[in-house]
Amino acid sequence: MTDLMENAEIIAKVAETRFRDGGGRRVIIAIAGPPGSGKSTLSEAVVERLNRDAPGHAAIFPQDGYHYDDLVLNAIGRRPYKGAPDTFDVHGLRHMLLRLKANEDDTVAVPVFDRDIEIARAGGRLIPRSTGIIVCEGTFLLMRATPWDQLKPVFDYTVFVDVTEEELRRRLTARWVHYNLTPDEIRFKLDENDMPNGMTIIRGSAEPDLRIKN
């Protein structure tokens, strides 16, 4: 917990500095890492820290909201591999990031992924113009492969949360046990999807401004 808070403090200070040096122009921070790395928890801690003294100053914008719907994934035969790089609307995500960065609208509704039902909810979160710092968190935000490589130039500061393969497997196993999957379902999730995706992210992501060992 101490490391989490320390890292959140470091990132929050950088975000505040970028915001201040930019004359109040909206700042977008990327926090990337494999599934189960702790990036979501870190992102929440950063936003909580930024909002402590100025409520509403920061907000989270999750990549997971751009999952293709299950109807689409079933149609293209990719439903069992949901979470792989080709199961996201990357261009939709990029356009939303550019819209958020321009900050020309009074309020922007962004989709949010509901993990309990494994479906993205359109308009699940509202981000007003007064929000100065946005923390975008997700798995493939720093990937070098096309079309994901178009995202990194949009960010003002990038963070990658690193984790060992062994720890990653342990955490992901615990996640799927929590959601009451059978041993066979967990085995498929890990060996056919989550772990290959995780290693692709670790090996294929561009170097961030800050790398955190978790």
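Let's start with E118, which counts as buried because its relative accessibility is 16%; buried here means under 20% relative accessible area, exposed means over 50%, and partly exposed is what falls in between (1.4 Å probe, protein chains only). This is a predicted model, so local features need pLDDT of at least 70 and side-chain atom pairs count only at pLDDT 80 or more, while totals for chains, interfaces and linings use all residues. Residues are numbered from 1 along each chain as its sequence is written, and side-chain values use heavy atoms, with hydrogens and water left out.

Look up E118 and you'll find it in the loop between strand 3 and strand 4 (119-128). Helices (H or I, at least four residues) and strands (E, at least two) are DSSP runs, numbered from the N terminus. The backbone of E118 has a positive phi, near 60°, in a residue other than glycine. N103 also has a positive phi without being a glycine, at about 50°, and sits in the loop between helix 4 and strand 3.

N103 leads us on to T131, which touches it: leaving aside neighbours within four places in sequence, T131 is in contact with R26, G56, H57, A58, A59 and N103, where contact means heavy atoms within 4.5 Å. T131 belongs to the loop between strand 4 and strand 5, and its relative accessible area of 2% is why it counts as buried. H57 and A58 turn up again around L50, a residue of helix 2 whose contacts beyond four places in sequence are A12, A15, E16, H57, A58 and I133. L50 is buried too, with a relative accessible area of 3%. For a sense of scale, the C-alpha atoms of L50 and E185 are 135 residues apart along the chain and separated by 39 Å.

Now for the interior. In soluble globular proteins, nonpolar side chains tend to be buried together. A nonpolar core is a set of buried Ala, Val, Leu, Ile, Met, Phe, Trp, Tyr and Cys residues joined through side-chain atoms within 4.5 Å. The largest one has 27 residues, and those with the most contacts inside it are F61, L93, L97, L100, L141, W148 and F155. Two or more residues each come from strand 1 (27-32), strand 2 (58-62), helix 4 (90-102), strand 3 (107-114) and strand 5 (133-138). Helix 4 is the top contributor, with 5 residues. There is also a second, separate core of 21 residues, which includes I11, V27, L42 and I60.

W148 is a handy place to look around: apart from neighbours within four places in sequence, it contacts Q63, P85, F88, V90, L93, F140, L141 and M143. F88 in turn touches Q63, D64, Y66, H67, Y68, G83, F140 and W148, not counting residues up to four places away. L151, from the loop between strand 5 and strand 6, has 0% relative accessibility and so counts as buried. Its contacts beyond four places in sequence are V90, L93, R94, L97 and L141. P147 is in the loop between strand 5 and strand 6, and a cis peptide bond joins T146 to P147, with omega at about 0°.

On a 1 Å grid over the protein atoms alone, a pocket is an open set of points with protein on both sides within 12 Å along at least five of seven lines, and lining residues have an atom within 4 Å of a point. Grid points are joined across faces, edges and corners, and a volume is the space filled by probe spheres set on the points. The largest pocket comes to about 730 Å³. It has 34 lining residues, of which K39, S40, D64, R115 and R175 are the closest to its centre. Helix 2 (39-53), strand 2, strand 3, strand 5, helix 5 and helix 6 each give two or more residues to that lining.

We finish on helix 6. Its 22 residues (183-204) should span 32 Å at 1.5 Å a residue, and the end C-alpha atoms are 29 Å apart, which agrees; the expected span is 1.5 Å times one less than the number of residues. Helix 6 does have a kink of about 45°, centred on L190, the bend being the angle between axes fitted to the seven residues ending there and the seven starting there. L190 is among the buried residues of helix 6, along with others including I186, N193 and I201. The buried residues of helix 6 pack against strand 6 (157-162) and helix 5 (165-178).

How values were computed: On a 1 Å grid over the protein atoms alone, a cavity is a set of points where a 1.4 Å probe fits but cannot get out, and a pocket is an open set with protein on both sides within 12 Å along at least five of seven lines; lining residues have an atom within 4 Å of a point.
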